Amino acid sequence: MVAIAAHAAMLTQTARVHAQCDDDPLAEAAATLVLSGENPTGDALTSAARAAGSDAPSVHALRVPAGDSQRVARWLDELGGRLHAPLVCGEARTAEHRFVVAAPAAGHLALLGGAEVRVTLAPRWEQPVLFVEDATGQVVRLEPDGERVTLPIELEPPLHLQLVARGPDGPRPVAERSTGEGPDTRVPSSAAPLDERIAALRRRARVGPLRPHRILSSVAQAHAETVCRARRAAHEVEPGRDPRARLRARHVEARHVGETVARGATPDAAFDALARSTAHREALVDRRFTDAGAGLALDGEGHACVVVLLAAWPRLVVAPP
């Protein structure tokens, strides 16, 4: 174990000296993954970045031959354009390969000690909201006043923090961290159908079930297909076409409208992303919502896009002739 750690440190240092990417946590994650000899995606990739200290909400990786700098540059340009967010990246190298790990950097969470957290956003990102979930599943929504937030002392550790902010594609998670010790009782992964998982989440939160709604399902399905075509999980893939606008186009109004969007390597991975995200799960168990519709689409690479559209007392509004 000591030899592996030393080797990882050496690879990380080599990456800092020779690479364009110099984010320390992502470089350390890249070194760890190079030593594993695998090409991980999804949870394994995110776990390595978390263990290295990154607060990125999603992580992406590319393995190329050691001298292929042009491919790395093209990949980073395409990734930044697709995510509509600034990027940070780190890398490690062997004699044969270059392994690059990149992540969006639209926001950051810094644990300052005690109950203090610092929240920062990149330019063009605004309206930050911090969701804090404790070990019992209780979720608190905090709106930062300035850069510092004080966490409620009554929450039971460990705490999972998720920062959500509004960017070019609408609101989405921009940073995540965990703090404190104790058993983690957050909702585990499951391959159960989405409607059953949502029903279970709502029972656990002691809120009523959601009614299936045909038009909400149709609108959710259309947006899932749009997300797959764009290859990014966003509420506003097309400017001005947020969930409420898309419902209005189908002559539906509601007191409240919400939406959760996820993209994963498989349908189960996309479902898990919704269930494990504090902000998304809070929307799914919001007691104000009465109706829901879900959409699932696959892109040309086999990735799954899942959209759940939520509404409170939706009604059909027919425009006058």
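Student: What is the mean pLDDT of the protein chain, and what percentage of its residues reach 70 or more?

Tutor: This is a predicted model, in which local features need pLDDT of at least 70 and side-chain atom pairs count only at pLDDT 80 or more, while totals for chains, interfaces and linings use all residues. Residues are numbered from 1 along each chain as its sequence is written, and side-chain values use heavy atoms, with hydrogens and water left out. With pLDDT understood as the predictor's confidence in each residue, from 0 to 100, the mean for the protein chain is 83, and the residues that reach 70 or more make up 87%.

Student: Which element of the protein chain has the lowest mean pLDDT, and which the highest?

Tutor: Helices (H or I, at least four residues) and strands (E, at least two) are DSSP runs numbered from the N terminus. Among these elements, the lowest mean, 29, belongs to helix α1, residues 2–18. At the other end, with a mean of 95 over residues 243–248, stands helix α7.

Student: In what order do the strands of the antiparallel open sheet stand, and which are its edge strands?

Tutor: Two strands pair if DSSP finds at least two bridges between them, and in this open sheet of 4 strands the pairing is antiparallel, with the order β7-β6-β9-β10. Each edge strand has a single partner, so one side of it is left without a neighbour in the sheet. The strands in that position are β7 and, at residues 170–179, β10.

Student: Over how many bridges do β6 and β9 pair, and which residue of β9 is the bridge partner of Glu126?

Tutor: Strand β6 covers residues 126–133 and strand β9 residues 159–167, and the two run in the antiparallel sense, pairing over 6 bridges. For Glu126, the bridge partner in β9 is Arg166.

Student: Which residue in the hairpin of β6 and β7 takes a positive phi?

Tutor: β6 pairs with strand β7, residues 139–142, in the antiparallel sense over 4 bridges. Along this pairing, Val132 has Val140 of β7 as its bridge partner, and Leu130 stands opposite Leu142. Between the strands of the hairpin there are 5 residues, and the positive phi, near 95 degrees, is taken by Gly137.

Student: Which strands stand at the edges of the sheet with mixed pairing?

Tutor: This open sheet is formed by 4 strands in the order β11-β14-β15-β13, and its pairing is mixed. An edge strand here has a single partner strand, so one of its sides is left without a neighbour in the sheet. That applies to β13, at residues 257–264, and to β11, at residues 211–212, and the names asked for are therefore β11 and β13.
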